[in-house]
Amino acid sequence: MTDRTTIPLVDVRAQYEELRTELDEAVHRTFVEADYILGKEGERFEREFAAYCGVSAAAGVSTGLAALHLALRALGIGPGDEVITAANTFAATVLAIQHAGATPVLADVEEESLNLDPQAVTAALTPRTRALLPVHLHGQTASMGPLLELARAHDLEIVEDASQAHGAEYESKRAGSFGAAGCFSLYPTKNLGAVGDAGIVTSGRPELIERVKSLRNYGMGPKYRCDEPGYNERLDTLQAALLRVKLAKLDQWNERRRQAARAYDQLLADLPIERPRELPGRFHVYYVYVIQTDDRDAVAKHLAEQGIVTSIHYPIPLHRQPAFADLPWSRSSFPVTERLAGRMLSIPMHPHLTEDDSARVASALSSYFHGGRTNKVRERIG
Ligand SMILES: *Cc1c(COP(=O)(O)O)cnc(C)c1O
């Protein structure tokens, strides 16, 4: 139980409260259908999620990491191949490239979108580059126009890490519909989240999805013929059944995240912090609401003292992580990413954040920067 006075960063319990009847019914249906791995609910969820993203097919898998790993494998990307991804991302993006046996290459990000910088990508290209792996970080898509152009010009595949961007758009097309494959984590706190681990791969190439479906199931085609050495990375029927219920709510929940973001935008307008910017032609779904300030650590401490939970996505850039110390780029510098790592702070953001919550967060931020000006913020929202 959260203390009444604490404002959590996310509130997944509130999703259950809102959908209790439907979710309980989905659990019951799973027991009755008694087909606990993939199952009919798995197929229904794959169809519905593919349609949601505007692609022809999807394959449910066990995690976001598995989605990325199996998509790369299904594209035949492996040893000797380089895959360029953003320096400013979650470690799993790079791990997936390593799991596929390929070499991850980092490129810095744009200051505006915080995502993969097409110019940095151009500088990182080599004859061994096989694919680009843009990440749609924080709920806003990468600059897909220029990245798609680069991919065409250099004959590269694009695999999207859309784990933070369920429903996000770039020029009216949804995340997960740009590349050869779109890879989504369905971890509980994501915009669309399971009640445990889950992930999904989307694609407009049916044969690619068939290969992911084989790889997730030991590399088997028909039972029990093993066509290639695969994995066990399947989606649970129960998760799929629950995800179908939540998928029907996703647009509404994203809209509520956007409302909460607009409230923050107004309430924080006068403070000396950088707010997230929704770029022209993009539809931001605010997986997190990330502010930037040079006083980050002191601000986080001040908010914590007032019962407001914050986080940092992400505090240690990948090229400074011990796990990647052997990679040549561990000795490189990615100035935009480094600056972001020292300045970013995620403040409470979820579809069930109330106006009172966002006002309290804004007021706490205001009191850090202006001490006595707290009342001004209260008046404006009053
Ligand atoms: C959550 C996340 C992942 C990993 O997903 P899991 O389901 O935890 O394996 C990968 N990339 C990004 C950008 C993420 O946010």
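The largest pocket of this predicted model has a volume of about 430 Å³. A pocket is found on a 1 Å grid over the protein atoms alone, as an open set of points where a 1.4 Å probe fits, with protein on both sides within 12 Å along at least five of seven lines. The volume is the space filled by probe spheres set on the points, which are joined across faces, edges and corners. The pocket is lined by 26 residues, and Phe90, Ser185, Tyr187, Lys190 and Tyr314 lie nearest its centre; a lining residue has an atom within 4 Å of a point. By class, the lining has 13 nonpolar, 10 polar and 3 charged residues. Ala, Val, Leu, Ile, Met, Phe, Trp, Tyr, Cys and Pro count as nonpolar, Asp, Glu, Lys and Arg as charged, and the others, Gly among them, as polar.

Helix H3 (64–74) and helix H4 (91–99) are the elements that give two or more residues to this lining, and the largest share, 3 residues, comes from H3. Helices (H or I, at least four residues) and strands (E, at least two) are DSSP runs numbered from the N terminus.

Residues are numbered from 1 along each chain as its sequence is written. As the model is predicted, local features need pLDDT of at least 70 and side-chain atom pairs count only at pLDDT 80 or more, while totals for chains, interfaces and linings use all residues; side-chain values use heavy atoms, with hydrogens and water left out.

| Helix pair | Angle | Axis distance |
|---|---|---|
| H3 and H4 | roughly 35° | within 8 Å |
| H2 (39–53) and H8 (237–247) | about 40° | 8 Å |

Axes are lines fitted to C-alpha atoms, for helices over the stretch in contact, and angles run from 0 to 180 degrees between N-to-C directions.

H3 passes H4 in a right-handed crossing. Leu65, Leu68, His69, Leu72 and Arg73 of H3 make the contact with Ala92, Thr93, Leu95, Ala96, Ile97 and His99 of H4, where contact means heavy atoms within 4.5 Å. This contact has 7 nonpolar, 3 polar and 1 charged residues.

H2 passes H8 in a left-handed crossing. A crossing is left-handed if the near helix is turned anticlockwise from the far one by less than a right angle, and right-handed if clockwise.

An open sheet of 7 strands has the order S1-S9-S8-S5-S4-S2-S3, with mixed pairing; two strands pair if DSSP finds at least two bridges between them. Strand S1 (57–61) and strand S3 (103–107) stand at the edges with a single partner strand each, so one side of each has no neighbour in the sheet. The twist averages 25° from one strand to the next. Strand S5 (residues 157–161) runs parallel to strand S8 (residues 181–185), and 3 bridges join them. Within this pair, Val159 stands opposite Ala181 in S8. Helix H6 (residues 144–154) packs on the sheet and touches strand S4 (129–133) and S5, its direction making about 150° with that of S5.

Some backbone details lie in loops. Tyr314, one of the residues nearest the pocket centre, is joined to His313 by a cis peptide bond with omega about 10°. Tyr314 has its place in the loop between helix H10 (296–305) and helix H11 (335–343). A cis peptide bond also joins Lys223 and Tyr224, with omega about -20°; Tyr224 lies in the loop between helix H7 (206–215) and H8.
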